[in-house]
Amino acid sequence: TEIYTLSLHDALPICALALRWVGSEPGTAGYLASLSIDRAENWSEFEAAVPRWKVPSENLVYADRAGNIGEHSAGLAPVRSWTGLLPVPGASHHEWKGFLAASVLPHTFNPAAGFVATANHKMIPKDYPYAVGFEWTPPYRYERIREVIESHARAGKKLTIADMEALQNDVVSLPARDLQSLVRGTALRDSSELAAYLKWDTAVTRESSAAALYEVWMREIRRALAARFSASDSAHYEDLTPSTMLTVLSNPPAELLGANPIAARDTLLADALH
């Protein structure tokens with residue numbers, strides 16, 4: 001979505017906004033391209049149908065009975081003279097210069113890894129030259145998928161239908177594992193309260209008391225960190241993601257936690273636990 005600003009008069013606090021969205025372009029009815037994608041019988045036909053996919057942007061995955069697999073990130077991506085993240089003056093040089101061709105959007109066919117996985121994580125290759133996105137979810141789900149698939153490969157085992165069903169319903173928490181690793185480097189590793197947690201396999205099942213402890217503990221850690229970010233407006237920071245929290249806790253900054261950030265971090269963890 002683009003926002004253009006126009007000041008009507010210096011003395012008047014009036015601002016006109018003009019918005020532009022790819023969904024207003026011709027042929028962008030949601031999922032319309034599915035009609036073509038679903039008729040593809042091979043990779044060439046699949047690729048021929050991809051340019052029709054305009055809205056919403058999606059990572060489209062492909063597989064055929066010949067054993068080929070692939071992925072193509074599809075959707076209208078404007079060619080801009082700026083990032084598109086902030087409003088700009090309504091001048092002609094800020095108009096879109098068309099759209100990126102589907103052929104230059106990220107895609108892969110029979111990748112060397114031997115599998116394709118997409119879980120809302122960053123799919124854009126390193127040094128990708130086009131600005132097609134700025135925010136992605138943390139890659140935990142993708143990393144767990146990769147971990148399971150690669151563990152089978154190392155063991156020389158083929159994935160069965162049952163294995164894939166289990167992966168679809170997998171509840172192992174990689175953030176919980178990361179917190180375990182972090183805690184083992186603090187004095188809390190000797191806490192009797194955490195003995196079961198530190199032995200836990202990090203599967204967040206409804207029967208697991210260690211999972212319940214982890215979820216509540218992370219909530220309290222989030223609140224404590226939010227108060228550090230802003231004592232007067234901590235609620236604004238209470239949606240911190242596990243990824244952000246663990247990044248801060250692993251490398252605690254002095255500007256957030258004081259002159260001795262490691263000790264302050266450990267105190268924060270202990271207080272939140274209690």
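Good morning. I begin with Phe 99, which is found in the loop between strand E5 (88–89) and strand E6. Helices (H or I, at least four residues) and strands (E, at least two) are DSSP runs, numbered from the N terminus. The model is a predicted one, in which local features need pLDDT of at least 70 and side-chain atom pairs count only at pLDDT 80 or more, whereas totals for chains, interfaces and linings use all residues. Residues are numbered from 1 along each chain as its sequence is written, and side-chain values use heavy atoms, with hydrogens and water left out.

Is Phe 99 buried or exposed, or does it fall in between? At 31% relative accessibility, Phe 99 counts as partly exposed. Here, buried means under 20% relative accessible area, exposed means over 50%, and partly exposed lies in between (1.4 Å probe, protein chains only). Leaving aside residues up to four places away in sequence, Phe 99 touches Arg 20, Val 22, Glu 25, Leu 76, Ala 77, Pro 78 and Val 79; contact means heavy atoms within 4.5 Å. Phe 99 and Asp 127 are 28 residues apart along the chain, and their C-alpha atoms are separated by 20 Å.

I turn now to helix H5, residues 174–183. Seven of the ten residues of H5 are buried, so this helix is largely enclosed by the rest of the structure. The buried residues are Leu 174, Pro 175, Ala 176, Leu 179, Gln 180, Leu 182 and Val 183. They pack against H3, H6, H7, H8 and H10. At the start of H5, a side-chain oxygen of Ser 173 reaches to within 3.1 Å of the backbone nitrogen of Ala 176.

How do H5 and H7 meet? The axes of H5 and of H7 (residues 209–229) come within 11 Å and cross at roughly 75°. The axes are lines fitted to C-alpha atoms, for helices over the stretch in contact, and angles run from 0 to 180 degrees between N-to-C directions. On the H5 side, the contact is made by Pro 175, Ala 176, Leu 179 and Val 183, and on the H7 side by Tyr 214, Trp 217, Met 218 and Ile 221. By class, this contact has eight nonpolar, no polar and no charged residues. Ala, Val, Leu, Ile, Met, Phe, Trp, Tyr, Cys and Pro count as nonpolar, Asp, Glu, Lys and Arg as charged, and the others, Gly among them, as polar. An α-helix has 3.6 residues a turn, so residues three or four places apart point the same way.

Next, H7 itself. H7 has 21 residues and reaches 30 Å from its first C-alpha to its last, close to the 30 Å expected. The expected span is 1.5 Å times one less than the number of residues. Its buried residues are Ala 210, Ala 211, Tyr 214, Trp 217, Met 218, Ile 221, Arg 222, Leu 225 and Ala 226. These pack against H5, helix H6 (195–199), helix H8 (242–250) and H10. The N-terminal end of H7 is capped by Ser 208, with a side-chain oxygen 3.4 Å from the backbone nitrogen of Ala 210.

In H10 (residues 261–273) we find Arg 265. Where does its accessibility place Arg 265? At 5% relative accessibility, Arg 265 counts as buried. Its side chain makes a polar contact, at 2.6 Å, with the side chain of Asp 266. A polar contact is a pair of N or O atoms within 3.5 Å; within protein, one must be able to donate a hydrogen and the other to accept it, and residues adjacent in sequence count only if both atoms are side-chain atoms. Among the residues that Arg 265 touches is Leu 182, one of the buried residues of H5.

Between H6 and H7 lies Thr 202, whose phi is positive, about 65°, although Thr 202 is not a glycine. At 1% relative accessibility, Thr 202 counts as buried. Asn 120, in the loop between E6 (107–109) and H3 (140–154), also has a positive phi, near 65°. Asn 120 is partly exposed, with a relative accessible area of 49%. Lastly, a cis peptide bond joins Val 55 and Pro 56, with omega about -5°. Pro 56 lies in the loop between helix H2 (43–49) and strand E3 (58–63). Thank you.
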